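Please read them with the structure open beside the text.

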Amino acid sequence: MYSFLQRLGRSLMLPVAVLPAAALLMGIGYWIDPVKWGADNQIAAFLIKSGAAILDNLAILFAIGVALGMSKSRDGAVALAAVVGFLVVNTVLEPASVSNILHVDPKEVPPGFDRINNVFVGILIGLISAWTFNKFHKTELPAAFAFFSGRRLVPILVSVFAMVLSVILLFAWPTLYGILIGFGKWMTGLGAVGAGLYGFFNRLLIPTGLHHALNLVFWTDVAGINDIPKFKSKDAIKGVTGMYQAGFFPVMMFGVPGAALAMYHSAKTERKKAVSGIFLAGAVAAFLTGVTEPVEFVFMFIAPALFVVHAILTGLSMFIAASMHWTAGFGFSAGFIDYILSLKNPNANQPLMLLVLGIIYFVLYYIIFRAVIKWLDIKTPGRESDEEIAKMVAEQKRNDAFENNGTSTEPVNKYQSGKYDTLAQSVISGVGGKENIESVTNCATRLRFELKDNSIVDEHLIKRAGAAGVMKVGRKNAQVIIGTHVQQVADVVDEYLK
């Protein structure tokens with residue numbers, strides 16, 4: 001189950017990755033016409049509508065993304081199958097069709113069918129499409145029907161399964177929709193406290209990667225909250241909509257860089273130069289893009305107490321921003337780029353106060369991290385003992401000698417002299433080589449491996465190559481935290497594994 005949830009969380013990142021495009025288009029549109037949403041400017045109207053086209057169709061994007069992410073092969077057939085399945089369910093269960101099927105007056109159709117075009121249904125269709133592809137994409141039919149064998153069979157079967165799902169949802173959806181909306185109303189009813197709880201658990205789930213699934217509840221229409229699309233629409237409530245986003249800005253733009261600076265200053269003098277690149281790159285990524293994992297994984301496992309403090313401070317920031325009705329929004333994450341784009345959004349409310357809170361958070365994170373690292377003598381990068389440093393140097397010399405003797409068995413390909421080649425080779429070697437890898441995928445910042453045995457993973461080798469961290473889950477799963485350039489590294493890894 002855990003492996004399934006991890007794969008699902010990874011799959012959700014594919015459709016989420018298109019949100020920055022919507023944020024960019026709509027953000028520029030708001031800067032041009034921040035008052036009338038494009039009514040007074042044709043270019044602004046064009047840009048805002050272009051961005052809305054993405055947000056208004058998130059459901060089908062999630063269907064395709066989950067289907068591709070959960071399938072054994074990212075084949076176009078599974079994407080086509082997801083579109084087919086989604087269209088079947090949404091056409092059969094639209095209110096007019098439900099009225100006809102159930103022979104009831106259109107006014108008596110349960111209101112949930114007005115919202116059948118939602119992310120939750122998209123995810124269901126994606127899962128069905130992926131399962132169908134994995135099970136039937138190599139199926140051979142009798143000679144008379146051979147044309148429809150293999151991949152061509154998948155969309156056909158998905159259309160049938162979508163009909164079955166439509167029948168189930170015809171009776172179950174009103175109740176299920178009521179439960180989801182009830183949960184959403186309960187959470188929004190908690191107000192600032194609910195936002196704080198969400199922020200706390202969002203950070204606490206970072207090590208597992210399951211925070212992506214939690215985000216869906218608050219950022220999309222799964223439970224009717226829909227905070228990201230609503231913040232970019234006229235349906236927003238100024239000072240309220242965006243409360244599940246705003247509090248992240250002080251943490252990601254200021255708090256995490258403050259923690260990075262504290263860890264750098266805590267390093268031994270002779271080691272500061274060696275570790276400066278790790279903290280500088282992580283701090284810049286967090287400030288500009290809101291990607292915090294390269295810094296978080298530096299202290300996540302060696303100092304769990306600090307990570308709990310980090311989660312508490314995130315929840316507190318969310319609570320403060322929501323209580324004060326300071327709002328700003330993002331399309332990808334709470335970094336400087338998204339912050340600038342949201343400033344002219346008519347729904348943003350006192351967004352400059354988030355910068356004030358951010359400065360306070362920078363100081364707060366710096367002081368807390370410096371104090372706790374010194375108090376507990378935490379071995380963050382640069383604070384290792386002389387014995388540990390000597391061990392790392394000796395291991396590096398052995399690896400260098402191994403490579404110079406020409407005994408490496410890794411294949412050579414067109415990426416050998418590429419920018420990410422050394423990192424890719426080290427990661428493959430570090431997880432046990434090609435023969436230990438069953439599959440590899442990636443999300444926004446991580447390479448996710450399914451291995452035959454993760455007990456042989458060499459974390460030191462992978463980290464020395466430039467990875468921010470390594471996490472082993474169970475006996476067969478491992479995640480390598482790369483950073484925002486993970487896609488480029490993943491492409492090179494894929495080439496080697498071919």
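Which two domains give residues to the lining of the second largest cavity, and where does the cavity lie? The points below take up that question along with the other cavities and the packing of some helices.

1. The model is a predicted one, and the protein in it is divided into domain 1 (1-188), domain 2 (192-400) and domain 3 (420-497). The C-alpha centres of domain 1 and domain 3 lie 31 Å apart.

2. To answer the opening question, both domain 1 (1-188) and domain 2 (192-400) contribute residues to the lining of the second largest cavity, so this cavity lies between them. Its volume is about 60 Å³, and a search of the whole structure finds three cavities of 30 Å³ or more.

3. The lining of the second largest cavity is made up of Ala-23, Gly-27, Tyr-30, Phe-231, Lys-232, Gly-329, Phe-330, Asp-338, Leu-341, Ser-342 and Asn-345. Two elements, helix H2 (19-32) and helix H16 (336-342), each give two or more residues to this lining. By class, the lining residues of the second largest cavity comprise five nonpolar, four polar and two charged.

4. The largest cavity holds about 400 Å³ of space, and 28 residues line it, with His-211, His-212, Asn-215, Trp-219 and Phe-332 lying nearest its centre. Two or more residues of that lining come from each of helix H1 (2-16), helix H4 (58-70), helix H9 (192-204), helix H10 (211-219) and helix H12 (248-266). Of these elements, H10 gives the most, with five residues.

5. When the lining of the largest cavity is sorted by class, 17 residues are nonpolar, nine are polar and two are charged. Because domain 1 (1-188) and domain 2 (192-400) both give residues to this lining, the largest cavity lies between them.

6. Helix H4, which gives two or more residues to the lining of the largest cavity, also packs with helix H5 (residues 76-92) at an angle of about 140°, the two axes being 8 Å apart. At that angle H4 is therefore oblique to H5, given that an angle has to be over 145 degrees to count as roughly antiparallel. The crossing of H4 and H5 is a right-handed one.

7. A further helix pair is formed by helix H19 (residues 421-430) and helix H21 (residues 486-497), which pack at an angle of about 60° with their axes 9 Å apart. H19 and H21 are therefore oblique to each other, since the range that counts as roughly perpendicular is 65 to 115 degrees. The crossing in which H19 passes H21 is right-handed.

Definitions and conventions: Residues numbered from 1 in each chain as written. Predicted model: local features only at pLDDT ≥ 70, side-chain atom pairs only at ≥ 80, totals over all residues. Heavy atoms only, no water. 1 Å grid on protein atoms, 1.4 Å probe; cavity = no way out; pocket = protein on both sides within 12 Å on 5 of 7 lines; lining within 4 Å. Points joined across faces, edges and corners; volume = space filled by probe spheres on them. Helix = DSSP H or I, 4+ residues; strand = E, 2+ residues; numbered from the N terminus. Nonpolar A, V, L, I, M, F, W, Y, C, P; charged D, E, K, R; others polar. Domains from an automatic or database assignment. Axes fitted to C-alpha atoms, helices over the stretch in contact; angles between N-to-C directions. Parallel < 35°, antiparallel > 145°, perpendicular 65-115°, else oblique. Left-handed = near helix turned anticlockwise from the far one by under 90°.
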